[in-house]
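Subject: Structure for you to look at

Hello,

Here is the structure I promised to pass on. Please open it and keep it in view while you read my notes below.

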Amino acid sequence: MTTEHAATPRSVIDSPAAWWRLVASLAIATLGGVGMWSVVVALPAVQAEFGVDRGSASLPYTLTMVGFGFGGILMGRLSDRYGIARPLAGATLALAAGYALADMAPTLLTYALAQGLLIGALGSSATFGPLLADVSHWFERRRGLAVAITASGNYLAGTVWPPIVQHLIETIGWRATHVAIGAVCLIAMLPLTLVLRRRSPYLRPAGARDAAPVTSSAPRSLGLSPSALQALLVIAGLACCVAMSMPQVHIVAYCGDLGYGPAAGAQMLSLMLGFGIVSRLLSGWIADHIGGLRTLLLGSALQGVALVLYVPFDGLASLYLISALFGLFQGGIVPSYAIIVREYFAPHEAGARVGWVVMATLFGMALGGWLSGEVFDLTGSYRAAFLNGIAWNVLNLTIVAWLLLRSGSSRAAPAGA
């Protein structure tokens with residue numbers, strides 16, 4: 001064993017060094033998460049410059065989300081084998097290159113490919129799922145909280161970056177803004193990856209396919225094959241995010257239809273994201289006490305309650321309150337999947353398996369946003385769209401409840417607790 005892996009798990013897990021890694025991971029997630037948000041803010045300026053319709057101008061966002069999903073699996077596999085530092089360093093370079101190419105893009109297609117391949121698939125994707133998996137290796141007593149804090153970086157990026165990007169676009173134009181974003185990522189993220197260069201003792205040494213990783217305890221069993229459990233988690237992740245997307249994607253349009261104006265809807269969306277950060281931290285703390293499956297079941301049930309409340313109540317004050325509750329209930333759902341993966345799969349598979357579930361949640365958001373619009377077009381009512389979201393939420397609840405029943409009567413606490 002090399003010097004890099006000489007430390008025993010107990011000497012590094014939950015140590016001050018682990019907390020410093022957590023701080024660096026949160027910073028990287030907040031910086032690298034810009035790839036998901038800058039494309040949204042830049043959409044009107046890009047549409048105006050290339051002279052295309054709104055549907056065509058949305059292509060870069062679509063490719064970014066698809067790239068983010070598939071890229072998370074690739075980056076997860078790389079982090080399982082080589083540790084998180086190398087994929088993150090490569091992702092930083094990809095972000096810088098992607099934003100530079102976006103600045104020089106002569107056509108919308110070139111801009112969309114820069115967004116989808118470099119910024120989404122090879123860049124920002126490494127700063128979510130793979131980071132969650134890596135952080136989970138360095139904590140046992142506070143694993144849920146650590147994963148939740150890292151996952152909050154994505155929401156923080158959505159809070160911090162959009163106003164900055166919008167100001168820069170208004171001041172220096174969207175092309176120069178992309179150069180500035182790439183430069184900030186390059187300068188700020190590369191040094192932070194050095195903090196994460198040490199590999200977890202739970203992972204195999206790089207290149208040693210047959211070497212057994214050090215583990216704190218054996219993964220739990222639900223009496224299912226790993227492939228079957230992975231498939232169920234993917235379906236559950238898809239279903240919960242189809243339901244989640246209804247308010248997040250359509251609340252602005254919904255408020256416009258009700259006569260409250262899009263500004264009120266935008267405020268509700270911001271309220272959701274703000275309470276979503278609180279939700280992630282609370283859910284992480286809860287997961288440290290009752291385990292990932294129970295936390296996921298709780299979050300999904302409460303999300304269903306909030307969706308039900310949208311059906312009979314459409315007053316302005318009611319929508320603000322329900323939107324705050326929705327954010328508070330749903331924010332911790334996605335991080336719970338990363339905790340479940342660490343509880344029921346081998347540690348050295350965590351990066352790739354978290355990547356698969358994260359991809360499913362992204363596809364669920366994309367599918368749900370489109371499906372809710374189709375239901376509205378067919379019925380002329382968002383009430384039917386909310387009912388559609390509730391049905392998908394019930395599917396998620398059913399899967400999670402069934403998995404929890406299979407876990408037996410013993411308390412589903414985190415491994416090593």
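This is a predicted model: local features need pLDDT of at least 70, side-chain atom pairs count only at pLDDT 80 or more; totals for chains, interfaces and linings use all residues.

Contact here means heavy atoms within 4.5 Å.

**Helices α14 and α15**

Start with helix α14, residues 292-310, and helix α15, residues 316-330. Their axes lie 8 Å apart, and the packing angle is about 165 degrees. Angles over 145 degrees count as roughly antiparallel. Therefore α14 and α15 are roughly antiparallel to each other. Their crossing is left-handed.

Which residues of α14 meet α15? They are G299, L302, Q303, A306, L307, L309 and Y310. On the α15 side, the partners are L319, I322, S323, L325, F326, F329 and Q330. By class, this contact of α14 with α15 has 10 nonpolar residues, four polar and no charged.

**Helices α7 and α11**

Next, find helix α7, residues 85-104, and helix α11, residues 174-195. They pack at about 165 degrees, with axes 7 Å apart. So α7 and α11 are also roughly antiparallel to each other. α7 makes a left-handed crossing with α11.

From α7 they include A85, L88, A89, T92, L93 and Y99. From α11 they include W174, R175, H178, C185, L186 and M189. The contact of α7 with α11 divides into 17 nonpolar, four polar and two charged residues.

**A closer look at L88**

L88 sits in helix α7. Is L88 buried or exposed? L88 is buried, because its relative accessible area is 0% and the cut-off for buried is under 20%. Setting aside neighbours within four places in sequence, L88 touches I28, A126, T127, L131, T193 and L196. Now compare sequence with space. L88 and V52 are 36 residues apart in sequence, and their C-alpha atoms are 34 Å apart.

**Helices α2 and α9**

Helix α2 covers residues 16-32, and helix α9 covers residues 129-136. Their axes come within 11 Å and cross at roughly 175 degrees. Therefore α2 and α9 are roughly antiparallel to each other. R21, L22, S25, I28 and A29 of α2 make the contact with L131, D134 and V135 of α9. Five of these residues are nonpolar, one is polar and two are charged.

D14 lies in the loop between α1 (9-12) and α2. Its phi is near 65 degrees. That is a positive value in a residue other than glycine. Is D14 buried or exposed? D14 counts as buried, because its relative accessibility is 13%.

**Cysteines**

How many disulfides are there? The count comes to zero. C240 is in no disulfide. Its nearest cysteine sulfur belongs to C241, 3.8 Å away. A disulfide needs the two sulfur atoms within 2.5 Å. C240 is buried, with a relative accessible area of 0%. C185 is buried too, and its relative accessible area is 0%.

**Where to begin**

I would follow the order of these notes. Pick out α14 and α15, and check the left-handed crossing by eye. Then go to α7 and find L88 in that helix. Finish with C240 and C241, and look at the 3.8 Å to the sulfur of C241.

Best wishes

Terms used. Residues are numbered from 1 along each chain as its sequence is written. Side-chain values use heavy atoms; hydrogens and water are left out. Buried means under 20% relative accessible area, exposed over 50%, partly exposed in between (1.4 Å probe, protein chains only). Axes are lines fitted to C-alpha atoms, for helices over the stretch in contact, and angles run from 0 to 180 degrees between N-to-C directions. Helices (H or I, at least four residues) and strands (E, at least two) are DSSP runs, numbered from the N terminus. Angles under 35 degrees count as roughly parallel, over 145 as roughly antiparallel, 65 to 115 as roughly perpendicular and the rest as oblique. A crossing is left-handed if the near helix is turned anticlockwise from the far one by less than a right angle, and right-handed if clockwise. Ala, Val, Leu, Ile, Met, Phe, Trp, Tyr, Cys and Pro count as nonpolar, Asp, Glu, Lys and Arg as charged, and the others, Gly among them, as polar.
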